Amino acid sequence: TSAMWKDGKSFSPDGKRLGATLMISQFLREKGLINIQRHAYALDFSFGAEAYEATYQDLMMNYPLLSTFLVKMGLTVKEEFDQLCDQVSVEMQELGFRGLWFFISAWGSKPDSM
């Protein structure tokens with residue numbers, strides 16, 4: 001989140017969060033949607049959970065792609081980030097690994113035009 005804030009791609013005043021979740025309803029209203037609704041989801045990607053293998057593969061493929069951005073933002077160096085990726089890989093393969101991600105979806109409808 002610090003990198004996104006530093007790059008001007010955050011809605012947070014202090015960079016501690018992205019802040020996008022709080023903005024979703026406003027964005028939909030600005031596009032003219034009404035009856036906006038939201039639903040929260042939790043994805044359990046703990047070792048052995050149904051979503052574990054796909055999430056693990058996605059992370060191992062996508063973490064290295066973050067490296068260039070984080071190095072550019074001055075938050076790490078490539079060697080340090082590579083070491084962290086290796087550590088994540090090892091820890092995620094431990095039987096006691098627990099992971100839970102929260103997501104939100106939002107939707108609305110267009111008003112009937114007259």
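Trp101 counts as partly exposed, at 37% relative accessibility. Partly exposed here means between the cut-offs for buried, under 20% relative accessible area, and exposed, over 50%, with a 1.4 Å probe and protein chains only. The model is predicted, so local features need pLDDT of at least 70 and side-chain atom pairs count only at pLDDT 80 or more, while totals for chains, interfaces and linings use all residues. Residues are numbered from 1 along each chain as its sequence is written, and side-chain values use heavy atoms, with hydrogens and water left out.

Five aromatic pairs turn up in a search of the whole structure. In one of them, the ring centres of Phe45 and Phe97 are 5.9 Å apart and the planes stand at 50°, so this pair is tilted. Rings of Phe, Tyr and Trp (its six-membered ring) pair if their centres lie within 6.5 Å; planes under 30 degrees apart are stacked, over 60 edge-to-face, and the rest tilted. Phe45 sits in the loop between β1 (34-44) and α3 (52-72), and Phe97 in the loop between α4 (78-92) and β2 (100-109), so the pair ties together parts 52 residues apart in sequence. Helices (H or I, at least four residues) and strands (E, at least two) are DSSP runs, numbered from the N terminus. Phe45 is buried at 8% relative accessible area, and Phe97 is buried at 16%.

Trp101 and Phe103 make an edge-to-face pair, 6.2 Å centre to centre with 65° between the planes. Phe103 lies in strand β2 and is partly exposed, with a relative accessible area of 44%. Phe45, Phe97, Trp101 and Phe103 form one aromatic cluster.
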